[in-house]
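Hi,

Here's the structure I said I'd pass along. Have a look below, and my notes follow.

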Amino acid sequence: MAQKETYLTREGLERLESELLHLRSVRRIEITDRLHSAKELTGTEENADYEDARTEQAFVEGRILELETILTNPVIIEEHHAEGGIVSIGTRFTVRDEGGAEDTYTLVGTAEADAAHGRISNESPVGGAVIGRKAGDTVEVAVPGGTIVYTIISVD
């Protein structure tokens, strides 16, 4: 089966590679030490410290697998000015809803999405609706409560 491409900025790629290195070289060792210490104290039966360490180990190993998958087939995108004024991955754009509220976002891949910091995924409802569009276009975005209509104000 072909691996899904993951869109990442150079900064995002470096951040994920750094996180993976930290998890492999630091967190794994810390958790192994915690497991060993907890096991020595009271064994493994009914040992809350041991169970907490096992849970954390499972989380860390899961995150390592997730990062390895993401980093298997990255497509590096450059944050850039929109060519031809069209929204694409790596561009910043501003939208206005019907109530007049404006939001500015940078369109990124799912691995870097962080709406609180204005970085939305190309696979999100808003990202999917605006990709390939230009300033002045109106898009409808399906949300759990219905539909929101946005007008693209600018594409940088």
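This is a predicted model: local features need pLDDT of at least 70, side-chain atom pairs count only at pLDDT 80 or more; totals for chains, interfaces and linings use all residues.

I started from Ile 153, which sits in strand S7, residues 146-155. Ile 153 comes out as partly exposed because its relative accessible area is 31%, between the 20% and 50% cut-offs. Setting aside neighbours within four places in sequence, Ile 153 is in contact with Thr 94, Val 95, Arg 96, Glu 102 and Ala 135. Ser 37 is another story: 116 residues separate Ile 153 and Ser 37 in sequence, and their C-alpha atoms are 58 Å apart in space.

Next, helix H2, which covers residues 48-70.

Which residues of H2 are buried? They are Tyr 50, Ala 53, Val 60, Arg 63, Ile 64, Leu 67 and Ile 70. Their packing partners are strand S1 (6-9), helix H1 (10-42) and strand S2 (74-77).

Helix H1 also holds Asp 33. With a relative accessible area of 46%, Asp 33 is partly exposed too. From Asp 33 to Asn 73 is 40 residues in sequence and 33 Å in space, C-alpha to C-alpha.

That's what I have for now.

Cheers

Definitions and conventions:
Residues are numbered from 1 along each chain as its sequence is written. Side-chain values use heavy atoms; hydrogens and water are left out. Helices (H or I, at least four residues) and strands (E, at least two) are DSSP runs, numbered from the N terminus. The expected span of a helix is 1.5 Å times one less than its number of residues. Buried means under 20% relative accessible area, exposed over 50%, partly exposed in between (1.4 Å probe, protein chains only). Contact means heavy atoms within 4.5 Å.
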